[in-house]
Amino acid sequence: MTDLTLRLVADADKSRFIADIQAAFQKGYEDVFGPYDKPVLPVKDIEESFAAKGAQAFFAVLDGEIVGGALVVINELTQHNHLDLLYVGIGCEGRGVGTALWQALEAKFPATRVWETFTPYFEKRNIHFYVNKLGFKVVEFFNKNHRHPEWTDDVGGMPPEVGCDFLRFEKVMKS
């Protein structure tokens with residue numbers, strides 16, 4: 001899937017990015033837990049990622065079609081960069097889109113020393129993707145007994161019994 005390209009999300013496209021990523025995250029949650037009546041990824045959380053210093057959002061485009069996207073936060077000084085959000089569009093799963101999207105991001109930011117990201121503990125598909133496909137290592141497990149120091153009890157829109165269990169991953173590119 002070498003034809004996948006990254007397209008910067010323009011202000012006019014931000015609502016599309018938000019709707020697409022919310023739908024993908026909702027599907028991931030509901031595939032595991034069943035129907036849920038509120039968004040598991042609130043707009044407020046996405047907006048916070050967009051507002052972060054160094055944030056850049058991209059659509060993944062294949063054959064002229066948006067098939068996913070990602071929002072990264074780039075620290076030009078330390079090159080310890082963060083993958084805040086990554087999604088594969090509904091109906092595009094299982095086609096290598098996520099891997100191609102990640103490879104395009106790595107190519108776009110070759111000076112990166114370390115990539116960091118988080119995923120909910122219940123998302124076995126994501127854990128497989130980050131560890132087995134992309135080479136990330138699990139470096140920390142946040143849960144009710146080991147809370148992230150900057151997170152409140154209101155982590156996303158998931159129920160508290162699910163929403164506090166997250167894994168932190170790192171991928172060292174250069175030392």
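Which pattern does the protein follow when read along the sequence? The order is β-α-α-β-β-β-α-β-α-β-α-β, made up of five helices and seven strands. Helices (H or I, at least four residues) and strands (E, at least two) are DSSP runs, numbered from the N terminus. The model is a predicted one, in which local features need pLDDT of at least 70 and side-chain atom pairs count only at pLDDT 80 or more, while totals for chains, interfaces and linings use all residues. Residues are numbered from 1 along each chain as its sequence is written, and side-chain values use heavy atoms, with hydrogens and water left out.

Of the 175 residues in the protein, 48% are buried, that is, under 20% relative accessible area with a 1.4 Å probe, counting protein chains only. The protein exposes about 9400 Å², of which carbon and sulfur atoms supply 52%; these areas come from the Shrake-Rupley method with a 1.4 Å probe.

Now to the interior. A nonpolar core is a set of buried Ala, Val, Leu, Ile, Met, Phe, Trp, Tyr and Cys residues joined through side-chain atoms within 4.5 Å. The largest has 27 residues, and Val72, Leu83, Leu86, Trp102, Leu105 and Tyr130 have the most contacts inside it. Two or more residues each come from strands S2 (55-62), S3 (65-73), S4 (80-88) and S7 (166-172) and from helices H3 (97-108) and H4 (124-133). H3 gives the largest share of this core, six residues. Apart from this core lies another, of 16 residues, including Ile21, Ala24, Leu41 and Ile46.

Contacts (heavy atoms within 4.5 Å) also show how the chain is joined. Among those between residues at least 6 apart in sequence, 66% join residues at least 24 apart.

Note on methods
Buried < 20%, exposed > 50% of the residue type's maximum accessible area, 1.4 Å probe, protein only.
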